[in-house]
Amino acid sequence: NTTVHGILQAIAWALCTTYHTSLRTSRGQLAFGQDMVVPATYLANWHHIHEHCHKSILYNNAHENSHHIEHDYKVGDYVYVLNKDIQRKLAPTKQGPYCINIVYTNATV
């Protein structure tokens, strides 16, 4: 019982002191207002944290969208649908070809 208690205590301490890169602080500092290792107070600047997270999201979206290939679909084109689920080793990675019947104004088919 004491070994389980010691392990749980070590896990809780590790979670509270682990540095979160997007928040730029540890969870213990946010929850308790002080550092978990050294007795130093911590005041969270929530506006700065929110701005940093928002900039990170915008950067990641721009990076992901930079890999997209612009293409205008037309009625009568044939397309494949990629399977992004976890598949078996030799399972097909795409389905189709499917014929496009309707193209909507927001470029979805």
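Which strand holds P97? P97 belongs to strand β4, residues 94–99. Strands (E, at least two residues) and helices (H or I, at least four) are DSSP runs, numbered from the N terminus.

This is a predicted model: local features need pLDDT of at least 70, side-chain atom pairs count only at pLDDT 80 or more, and totals for chains, interfaces and linings use all residues. Residues are numbered from 1 along each chain as its sequence is written, and side-chain values use heavy atoms, leaving out hydrogens and water.

**View 1. A cis peptide bond at P97.** The bond joins G96 and P97. Its omega is about 10 degrees. Most peptide bonds are trans.

**View 2. K94 over the ring of Y80.** The charged end of K94 sits 4.5 Å from the ring centre of Y80. A charge sits over a ring if NZ of Lys or CZ of Arg is within 6 Å of the ring centre and within 35 degrees of the ring normal.

**View 3. L15 in helix α1.** The helix covers residues 2–17. L15 has a relative accessible area of 46%. That makes L15 partly exposed, a class between buried (under 20%) and exposed (over 50%), with a 1.4 Å probe and protein chains only.

**View 4. M36 in a loop.** The loop runs between α2 (27–32) and α3 (46–65). M36 is partly exposed, at 25% relative accessibility. Leaving aside residues up to four places away in sequence, M36 touches W13, C16, T17 and G28; contact means heavy atoms within 4.5 Å. T21 lies 15 residues from M36 along the chain, and their C-alpha atoms are 17 Å apart.
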